[in-house]
Amino acid sequence: MSGDPTLDVSVFDGVLRDRTDDPAAAVEAFTHSGGTAAMWCASAVLVVALALVRRRGDAVLVGGAMFTGLVLMSALKRLWRRERPPIPERLVDVDSYSFPSGHAMMTAIFAVTVGFVVVTSVGPRVLEATLAALLVVFTLGIGLSRVYLAAHWATDVAAGWLFGVVWGAVWIVARRSAWRVAWPRRHRPR
């Protein structure tokens, strides 16, 4: 479950072969935008904004999914205890376990829950679609940056995305179930 060594080594070798120093600094700066601290800041701002506009259920969705996702991610890392790629090739200093990628998992949870909030909002469909697409591209970019920097094996990132999408979906299903209980069909929010 913690990865295909053949696939991981093949991807790792390919990244090392094609990696140059020029974009590494930019990739490292970009990868921090999907780190735990950055995702917590973005989530906190969004949760407060949603609460202020009286979208408390959506605030609970985003905040709850992110908080419990962090707990789940930490537990999964302790469960698998997978080591990261070797240090000489690793371009970032990280001291936690590798599987699953926390950056990939937390950005996926953020993208899924915020994407749900965005597409269930009243607004121009093109704006909603654009924001949702940007969230997906951001999440994919963060995961790929983790592989490029050798902070994670490819399967760590894939697992992070999978766990993140599933965890976000679990919270969305719970949120939609709460709507059905709280409001009759004709008064239910979109």
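**Entry 1: the loop between α4 and α5**

I began at proline 100, which I located in the loop between α4 and α5. Here I take helices as DSSP runs of H or I with at least four residues and strands as runs of E with at least two, numbered from the N terminus. The peptide bond that joins phenylalanine 99 to proline 100 is cis, with omega about -5 degrees. In the loop between α4 and α5 I also found arginine 81. Arginine 81 has a phi near 50 degrees, a positive value in a residue other than glycine.

**Entry 2: basis of the entries**

I note that this is a predicted model, in which local features need pLDDT of at least 70 and side-chain atom pairs count only at pLDDT 80 or more, while totals for chains, interfaces and linings use all residues. Residues are numbered from 1 along each chain as its sequence is written, and side-chain values use heavy atoms, with hydrogens and water left out.

**Entry 3: overall make-up**

I looked up the secondary structure and found seven helices and zero strands. Along the sequence, the pattern reads α-α-α-α-α-α-α. Of the 190 residues in the protein, 41% are buried; with a 1.4 Å probe and protein chains only, buried means under 20% relative accessible area, exposed over 50%, and partly exposed in between. I then turned to contacts (heavy atoms within 4.5 Å). Among those between residues at least 6 apart in sequence, 77% join residues at least 24 apart.

**Entry 4: salt bridges**

I searched the whole structure for salt bridges, each being a side-chain nitrogen of Lys or Arg within 4 Å of a carboxyl oxygen of Asp or Glu. The search finds four. Side chains of opposite charge can pair when their charged atoms come close.

Which residues are linked in a network of salt bridges? They are Arg55, Asp58 and Arg175. Between arginine 55 and aspartate 58, the closest N and O atoms are 2.5 Å apart. Arginine 55 is partly exposed at a relative accessible area of 24%, whereas aspartate 58 is buried at 2%.

Between arginine 175 and aspartate 58, the closest N and O atoms are 3.5 Å apart. This pair links distant parts of the chain, 117 residues apart: arginine 175 belongs to helix α7 (residues 154-182) and aspartate 58 to helix α4 (residues 56-80). I recorded both arginine 175 and aspartate 58 as buried.

I also looked up the salt bridge of arginine 125 with glutamate 128, where the closest N and O atoms are 2.6 Å apart. These two residues both lie in helix α6 (residues 125-148), three residues apart, about one turn of the helix. Glutamate 128 is buried, at a relative accessible area of 5%.

Two packed helices are described by the angle between their axes and the distance between the axes. I use axes that are lines fitted to C-alpha atoms, for helices over the stretch in contact, with angles running from 0 to 180 degrees between N-to-C directions.

For α4 and α5 I noted an angle of about 160 degrees, with the axes 10 Å apart. The two helices are therefore roughly antiparallel; angles over 145 degrees count as such, those under 35 as roughly parallel, 65 to 115 as roughly perpendicular and the rest as oblique. On the α4 side the contact includes Asp58, Leu61, Met66 and Lys77, and on the α5 side Gly102, Ile109, Phe110 and Val117. By class, I recorded 15 nonpolar, three polar and two charged residues in this contact; Ala, Val, Leu, Ile, Met, Phe, Trp, Tyr, Cys and Pro count as nonpolar, Asp, Glu, Lys and Arg as charged, and the others, Gly among them, as polar.

Is the crossing of α4 and α5 left-handed or right-handed? I found α4 passing α5 in a right-handed crossing. A crossing is left-handed if the near helix is turned anticlockwise from the far one by less than a right angle, and right-handed if clockwise.

**Entry 5: α3 against α5**

I next examined helix α3 (residues 36-52) and helix α5 (residues 102-119), which pack at about 20 degrees with their axes 11 Å apart. That angle makes α3 roughly parallel to α5. Met39, Ala42, Ser43, Leu46 and Leu50 of α3 make the contact with Met106, Thr107, Phe110, Val114 and Val117 of α5. These residues divide into eight nonpolar, two polar and no charged. I noted the crossing of α3 and α5 as left-handed.

**Entry 6: two alanines**

Alanine 51 is in helix α3 and is partly exposed at 29% relative accessibility. Leaving aside neighbours within four places in sequence, I found alanine 51 in contact with Arg56 and Ala59.

I located alanine 150 in the loop between α6 and α7. Its phi is near 60 degrees, a positive value in a residue other than glycine. At 1% relative accessibility, alanine 150 counts as buried.
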